[in-house]
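Thanks for coming. I have one chain to go through this morning, so please look at the screen.

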Amino acid sequence: MYASQECGKLDPCGVYPCDTEKKMYKAKLHAGEVEVMILAQEQKADLVIIDDNAAKKTAKYLGLSVTGTLGVLLKAKRQGIVHRVDTLLAEMKRNGFYFDSRVEAFVLEQAGESPKDR
């Protein structure tokens, strides 16, 4: 038994083995994305966080609820967990996370921030 499974609870950030066959995933996806989808199905996850567009489409096709990293940031802002999204986006860019400038503008608009607020 994993420590995160004590008392019948699953740790949302825990590590779990995947038993489902990987061959059913015909799309060209990275192994980690496939593992996320398999685990989400096995654990009946409420939400999966995937950034790759092809993987998102596959996950949605499989009936999974999907968001990306930027969606997580927006939700965190709306719930008051983070105060500014723009500074987090800038840090993500500095660390090699890529997103289009139009996506960035949309996220900032949704967060109630603008590029000139920086």
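L47 sits in the loop that connects α1 (31–43) to β1 (48–49); helices here are DSSP runs of H or I with at least four residues, strands are E runs of at least two, and both are numbered from the N terminus. This is a predicted model, where local features need pLDDT of at least 70, side-chain atom pairs count only at pLDDT 80 or more, and totals for chains, interfaces and linings use all residues. Residues are numbered from 1 along each chain as its sequence is written, and side-chain values use heavy atoms, with hydrogens and water left out.

Buried means under 20% relative accessible area, exposed means over 50%, and partly exposed is in between, with a 1.4 Å probe and protein chains only. By that scale, 28% of the chain's 118 residues are buried.

As for the overall layout, the chain has five helices and two strands, in the order α-β-α-β-α-α-α from the N terminus.

Now the second largest pocket. A pocket is an open set of points on a 1 Å grid over the protein atoms alone, where a 1.4 Å probe fits, with protein on both sides within 12 Å along at least five of seven lines; lining residues have an atom within 4 Å of a point. This one is lined by 14 residues, and D51, N53, K56, L70 and V103 lie nearest its centre. α2 (53–61) and α3 (69–78) each supply at least two lining residues. α3 gives the most, with four.
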